[in-house]
Amino acid sequence: MKEQVQSYLETHKERFLKELTDLLKIPSVSADPAYAKSVHATADAVATALTAAGADHVEICQTAGYPVVYADKIIDPSKPTVLVYGHYDVQPADPMELWDSPPFEPVIKKTDLHPEGAIFARGACDDKGQMYMHVKAFEIMMKTDSLPCNVKFMIEGEEEIGSENLAAFVRANTDRLAADIVLVSDTGIISNDTPAITVGLRGLSYCEVEVTGPNRDLHSGLYGGAVANPINVLCEMIASLRDENKHITIPGFYDDVEELSAENRAAMAEAPFSEEAYKKALDLKSTEGENGYSTLERTSIRPTCDINGIWGGYIGEGAKTVLPSKAYAKISMRLVPHQSSDKITALFQKHFEAIAPPSVTVKVTPHHGGEAVAIPTNFPAYIAASKAMEDTFGKKPIPVRGGGSIPIVAMFEEALGLKTILMGFGLDSDAIHSPNEHYGVFNYFKGIETIPLFYHYYSQLFNNA
Ligand code: BES
Ligand code: MN
Ligand code: MN
């Protein structure tokens, strides 16, 4: 089976790359309504690709937002079923001027970490490139007659804006989505010679705040000094959200945070990581974060509170002496297992209102959120993923907790009773969400090669279980 997969892949590599390149040309930015047509066109393209690969029941399912592409291949109801999840939407490309080549005109270029070349385009790694590996792996299994179990695809178009309509879709389609395991490639490995499987994702709580001072913009000379400047106040409020140890000051924020055992933390510290290389890659003299935790811990097992955007007043050319009426910020908190997104949002809201001085009024508007997940390493699907990666990388993958969020994953467990395998192939340095996002050609083909082996081992272990 391995040889057949290999040889089909070898023969079709060029076409597989060309197809991904074509998909990357469609700017499926879900956050910006200006791209609506392209987001729909991408859903169509994914559906067409799934049909061509050999899927049945391919359907573009309408939701209150962008559609979900569903497809399946049921070879035998008595065999296990893998539910593949991915997303065809991408983050906005801006700031455009920082791209070395246009974000929706993919080009392949060599880099230090990708000597075999990487595809530069928005969505190359997150998640079109990784999602499309599953379509091509499925094609290979169909064409080489080696699909060992049933497969269902659910590819959504709103992951980057919080998957709110997907949650409703999942709840309304629990029968159609019935499966034994969810398989996702939307995370990463440590490096191209150090494979990893993500066994945790952080949750998210996201709020927008509006601080209002005077009822209109004022002359900062006439009124400045006597009337609260909402930008000054907002900065003070934000600064107070973390203390001198970079500990978040919202009362109750840490109540449900799981403290890892010393053994667990020691095991985490075994993962290869160089603080020096980390700093160098980001041109930093120093990292910073919660006292008492390492960089890896700060980005995985510890919660955060970050300002994602802040604005107000005059930001045009030159100087304008204004005391603005309003100031705004977008604030997100990354959460860890057992913290509840709704509860943290409520705690934040209450605290932020409480710390507002009487000179301003504060409005807090919650956005989307999501729960953290932790995935065990001692069940058949994990073992299958581990064996598959060990075969193709020649090394056993290291289980790692990821710092990012995929809100729907917690819902798979809650609504479908399913565990998820996060078998991603990206690198942290692939610049997802940033200018010059890219995905290694090596990683793309490695993923396509590894996925059929997951199906193989999973079916084998499932039958023996
Ligand atoms: N694929 C990422 C999540 C990710 C990346 C997890 C790398 C682990 C490692 C996903 O597309 C993403 O960006 N999620 C958002 C959440 C969302 C609600 C916008 C995130 O993490 O910010
Ligand atoms: Mn993603
Ligand atoms: Mn993303």
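Student: Is H433 buried, partly exposed or exposed?

Tutor: In this predicted model, H433 is partly exposed, with a relative accessible area of 39%. E160 is buried, at 14%, because buried means under 20% relative accessible area.

Student: Which protein atoms are donors to the manganese ion (ligand 3)?

Tutor: They are D126 (OD), E160 (OE), E160 (OE) and H433 (NE2), at 2.1 to 2.5 Å from the ion. The spacing of these donor residues in sequence is D-x33-E-x272-H. E160 and H433 are 273 residues apart and link distant parts of the chain. E160 sits in the loop between strand 6 (150–156) and helix 4 (164–172), and H433 in the loop between strand 17 (420–422) and strand 18 (438–440).

Student: How should I read the angles at the site of the manganese ion (ligand 3)?

Tutor: Start from the ideal: six octahedral donors give angles of 90 or 180 degrees. Here the six donor atoms make angles of 56 to 154°, and the site is irregular.

Student: Which residue coordinates both the manganese ion (ligand 3) and the manganese ion (ligand 2)?

Tutor: D126 does, and the two ions are 3.6 Å apart.

Student: What is the strand order in the open sheet of three strands?

Tutor: Strands of a sheet pair through backbone hydrogen bonds, either parallel or antiparallel. In this sheet the order is 4-5-18 and the pairing is antiparallel. Strand 4 (107–109) and strand 18 are the edge strands, each pairing on one side only. Strand 5 (residues 118–120) joins strand 18 over three bridges, and I119 stands opposite Y439.

Student: Which helix lies across strand 4, strand 5 and strand 18?

Tutor: Helix 12 (residues 441–464) does, running at about 60° to strand 18.

Definitions and conventions: Residues are numbered from 1 along each chain as its sequence is written. Chains are lettered from A and ligands numbered from 1 in the order in which they are written. This is a predicted model: local features need pLDDT of at least 70, side-chain atom pairs count only at pLDDT 80 or more; totals for chains, interfaces and linings use all residues. Side-chain values use heavy atoms; hydrogens and water are left out. Donors are N, O and S atoms within 2.8 Å of the metal (3.2 Å for Na, K and Ca); water is not among the atoms, so sites may look incomplete. Four donors count as tetrahedral if all angles lie between 85 and 135 degrees; four count as square planar and six as octahedral if opposite donors are over 155 degrees apart and all others between 65 and 115; anything else is irregular. Helices (H or I, at least four residues) and strands (E, at least two) are DSSP runs, numbered from the N terminus. Buried means under 20% relative accessible area, exposed over 50%, partly exposed in between (1.4 Å probe, protein chains only). Two strands pair if DSSP finds at least two bridges between them. Contact means heavy atoms within 4.5 Å. Axes are lines fitted to C-alpha atoms, for helices over the stretch in contact, and angles run from 0 to 180 degrees between N-to-C directions.
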